[in-house]
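Open your viewer and get your selection tool ready. We will take the tour one stop at a time.

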Amino acid sequence: MKIRTATAGNAKAMSEMLQGLVTAGKRTARADVEFVLENYVGNPVGIRCSLAEDERGAFLGFQSLIRSTEANRYGTPVGWGIIGTHVSPDAARTGVGTALFAASRKAAIEAGLTKIEAFIGKDNKIAQSYYERMGFETYRQTDTAVCKAWTSDEN
Ligand SMILES: CC(C)(COP(=O)(O)OP(=O)(O)OC[C@H]1O[C@@H](n2cnc3c(N)ncnc32)[C@H](O)[C@@H]1OP(=O)(O)O)[C@@H](O)C(=O)NCCC(=O)NCCS
């Protein structure tokens, strides 16, 4: 598996994979190319959007890490990172999410982040397990979500 930074040229494949998650009942948010470009690949507060592909170049998933600003839609404290992970249903539980977080963790430390928040649907037990495995701990809850935070141990 190879991890690299996603580009605008990957937006179509990312959108198709998100559509697959919608079809599989694992996503309810938008999945169109415009949404991918605005929120993931071309986000002005983006830190790194990492993409995973297999040895033949087949797309496996991506993870977005952005910086939280005043206007963020999640209520994440300003200056923290906000993370989102999306793995193809065909590649689930094969270590893609783990490999992506190794890249995002490195990017977070290089960007000087001390905290990253994941905003997870309260019924999404798989994602909750995933983020716990990556070292995130429950920090707050909303009516619809469990919010888990990763804390850097670099300083
Ligand atoms: C959550 C998600 C990102 C996990 O990615 P993944 O590539 O499957 O994760 P990995 O294979 O690296 O697994 C890492 C850990 O996550 C947890 N995990 C992953 N899939 C799991 C499952 N089906 N059941 C329970 N735990 C699971 C486990 O702790 C696992 O470690 P282990 O296999 O050593 O027990 C992936 O399932 C996904 O994209 N889901 C749909 C989109 C989504 O819900 N994103 C999060 C939105 S907040």
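How many bridges join strand 6 (residues 137-141) to strand 7 (residues 145-151), and do the strands run parallel or antiparallel? Select both: four bridges join them, and the strands run antiparallel. Keep in mind as you look that this is a predicted model. Strand 6 and strand 7 make a hairpin, with three residues between them.

Next, go to the largest nonpolar core, which has 15 residues. Show the side chains of Leu-65, Ile-83, Phe-101, Ile-116, Tyr-131 and Phe-136, the members that touch the most others in this core.

Now center on Ile-83. Setting aside its neighbours within four places in sequence, Ile-83 is in contact with residues including Leu-65, Phe-101, Ile-116, Tyr-131 and Phe-136. Gln-63, Ser-64, Ser-104, Glu-117 and Ala-118 are also among the contacts of Ile-83.

A second, separate core is your next selection: it has 13 residues, among them Met-17, Val-36, Cys-49 and Phe-62.

Finally, select helix 1 (residues 11-23) and helix 2 (residues 33-41). Their axes come within 9 Å and cross at roughly 105 degrees, which means that helix 1 is roughly perpendicular to helix 2. Show Ala-11, Lys-12, Met-14, Ser-15 and Leu-18 on helix 1; they meet Val-33, Val-36, Leu-37, Tyr-40 and Val-41 on helix 2. Coloring this contact by residue type gives eight nonpolar, one polar and one charged.

Methods:
Residues are numbered from 1 along each chain as its sequence is written. This is a predicted model: local features need pLDDT of at least 70, side-chain atom pairs count only at pLDDT 80 or more; totals for chains, interfaces and linings use all residues. Side-chain values use heavy atoms; hydrogens and water are left out. A nonpolar core is a set of buried Ala, Val, Leu, Ile, Met, Phe, Trp, Tyr and Cys residues joined through side-chain atoms within 4.5 Å. Buried means under 20% relative accessible area, exposed over 50%, partly exposed in between (1.4 Å probe, protein chains only). Contact means heavy atoms within 4.5 Å. Axes are lines fitted to C-alpha atoms, for helices over the stretch in contact, and angles run from 0 to 180 degrees between N-to-C directions. Helices (H or I, at least four residues) and strands (E, at least two) are DSSP runs, numbered from the N terminus. Angles under 35 degrees count as roughly parallel, over 145 as roughly antiparallel, 65 to 115 as roughly perpendicular and the rest as oblique. Ala, Val, Leu, Ile, Met, Phe, Trp, Tyr, Cys and Pro count as nonpolar, Asp, Glu, Lys and Arg as charged, and the others, Gly among them, as polar. Two strands pair if DSSP finds at least two bridges between them.
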